[in-house]
Amino acid sequence: MSPDRFVLAIQNAVVRDNLAVYDEMFRTTPVECAVDPLWIRALTMFNSLDDEGKETLIEVIRNIMIDTTANLLGIVDGCCPVSGIEADVTLSVGGHPIGGELQELFLELNETG
């Protein structure tokens, strides 16, 4: 698998699909059906927002997903060191090493859409 295909697969699974799940849950879950105290507070807050505020919150969640994924890819690429990890972190797909430019490819993908 090429780095480009890997990054696109990560984009689809982590950002696109998960964001769709969160968007759906926020927009369709009645507060009275929520059990988790954090989720109850989040739904209550979301429901108090106007449409523009709801869209802004979903965009913020998307950006957090992108930033977190980019940071993890940077760790795999070796450009974002992690305290306490002295050895190289590597990623392989089908036994073939992949990495070195994953963070950059992922961020470029998210600049365009």
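## Burial and basis of the model

A residue is termed buried under 20% relative accessible area, exposed over 50% and partly exposed in between, with a 1.4 Å probe and protein chains only. By this criterion F26 is buried, with a relative accessible area of 6%; W39 is also buried, at 18%.

The model is predicted: local features need pLDDT of at least 70 and side-chain atom pairs count only at pLDDT 80 or more, while totals for chains, interfaces and linings use all residues. Residues are numbered from 1 along each chain as its sequence is written, and side-chain values use heavy atoms, with hydrogens and water left out.

## Nonpolar core

A nonpolar core is a set of buried Ala, Val, Leu, Ile, Met, Phe, Trp, Tyr and Cys residues joined through side-chain atoms within 4.5 Å. The largest one comprises 22 residues, and F26, W39, I58, I61, L102 and F106 have the most contacts inside it. Two or more residues come from each of α1 (3–28), α2 (37–48), α3 (51–77) and α4 (102–111), helices being DSSP runs of H or I with at least four residues, numbered from the N terminus. Helix α3 gives the largest share, 8 residues.

Leaving aside residues up to four places away in sequence, I58 is in contact (heavy atoms within 4.5 Å) with L19, D23, F26, R27 and F46.

## Aromatic pairs

Rings of Phe, Tyr and Trp (its six-membered ring) pair if their centres lie within 6.5 Å; planes under 30 degrees apart count as stacked, over 60 as edge-to-face and the rest as tilted. The whole structure holds 2 aromatic pairs. The ring centres of F26 and W39 are 4.8 Å apart and their planes lie at 45°, so this pair is tilted. Because F26 belongs to helix α1 and W39 to helix α2, the pair ties together parts 13 residues apart in sequence. Ring pairs link F26, W39 and F46 into a cluster.
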